[in-house]
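Subject: Structure handover

Hello,

The structure is below, and my notes follow it. Please open it alongside them.

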Amino acid sequence: MKLGAIPETLVERLAIGLGLVPRPLAETLPTLLLTRSLMVSARFGLPQALADGALGAEEVASRCRTHPRATRILLDTLASLEYVKLSEGRYELTGDGRKWLLSLHDSLLYRYLEWDWIARLDDFVRTGETLDIHGEMTSAQWALYQRGMADVARLGIPEQAQRIPVPAGACDLLDIGGSHGLLSAALCRKHPGLRAVVLDLPKAVEHAAPILAREGMGDRVAHRPGNALTDDLGTEAWDVVLLSNLAHHFDDATNRELARRIARALRPGGVFAIVEIFRRESPTESGQVGALFDLYFALTSESGTWSFEEMAAWQRDAGLRPRKPVRLRRSPGFGIQIAVAR
């Protein structure tokens, strides 16, 4: 996937091919407006207003308590992005609008937090100092963070649950940094004998608990507030250990030490699965989105993305047997690095 100056006509295609299009202009102001338009539409509930059928701009404005003219202009913008369509003066959601703007509502609101974080990229480049997003978020921001992460997680969890191997007769799963616990719940549904503990920071658990509660799996999936870097993970206590979207927050030494502790905590034949955005060997190979995510995690954590080879090295050095990496089909750029205890 690539973002940027994408031609819509033959003339535009030729102009880009000949180097006549000032890409830095096309890839700044329009993309800022595109992003903010989707954020604002979520904040004021425009997609929700259209969920039951077509409305005129003034009707949408009345329901959303927004200015009629400004609302019409925003709806026209959403129409240009093909999230809504206009017919005889009435707007309605397209298939994409209904599918994505409604299901990703909290994730779009979470962009407001990220908007402020990304504005601090200048300081990061100048000083190299990263943001401590988990330490600086307010309680309300933590709640939004958890809901936004859950929105995105639901997209990839069905495939992840299918492709993470669970040993026969497995009983105990530890989900490190699993927050909302949706992946653990999916694995427990797939494997009836499995129980799960979701270990995460106390602030994460506080605001993720209501999300997990709605899954109705309280008898088999439970939260444990704590810190995976300091808590005792046990010895031969788990059949499966998940590390999902967490390794990008830690440096190499921290991930290696965590892998050693996880290996000690696994029973013989147990599975250690790292679910992550993976980094390819070079910026050109990783593609535009991969490079942008690496920059994002470098800004918002102590580390960034890792390659499959690096993740497998942590597992191998911990005495585990890494398997061939799994590239997720429904989540381009994401993968699972699996290893098995001897």
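Which residues have the most contacts inside the largest nonpolar core? They are Leu-46, Leu-50, Val-60, Leu-75, Tyr-110 and Trp-117, in a core of 36 residues. (A nonpolar core is a set of buried Ala, Val, Leu, Ile, Met, Phe, Trp, Tyr and Cys residues joined through side-chain atoms within 4.5 Å; buried means under 20% relative accessible area with a 1.4 Å probe, protein chains only.)

Before you go further: this is a predicted model, where local features need pLDDT of at least 70, side-chain atom pairs count only at pLDDT 80 or more, and totals for chains, interfaces and linings use all residues. Residues are numbered from 1 along each chain as its sequence is written, and side-chain values use heavy atoms, without hydrogens or water.

(Helices, H or I of at least four residues, and strands, E of at least two, are DSSP runs numbered from the N terminus.) H8 gives the most, with six residues.

Take Val-60. Beyond its neighbours within four places in sequence, Val-60 is in contact (heavy atoms within 4.5 Å) with Leu-46, Ala-49, Leu-50, Leu-55, Thr-71 and Leu-75. A second, separate core has 31 residues, among them Ala-161, Ala-170, Ala-273 and Leu-328.

Now a helix pair. H14 (residues 252-265) packs with H16 (residues 308-317) at about 45°, axes 8 Å apart. (Axes are lines fitted to C-alpha atoms, for helices over the stretch in contact; angles run from 0 to 180 degrees between N-to-C directions.) On the H14 side, the contact uses Asp-252, Asn-255, Arg-256 and Ala-259. H16 brings Ala-313, Trp-314 and Asp-317.

Best wishes

How values were computed:
Buried means under 20% relative accessible area, exposed over 50%, partly exposed in between (1.4 Å probe, protein chains only).
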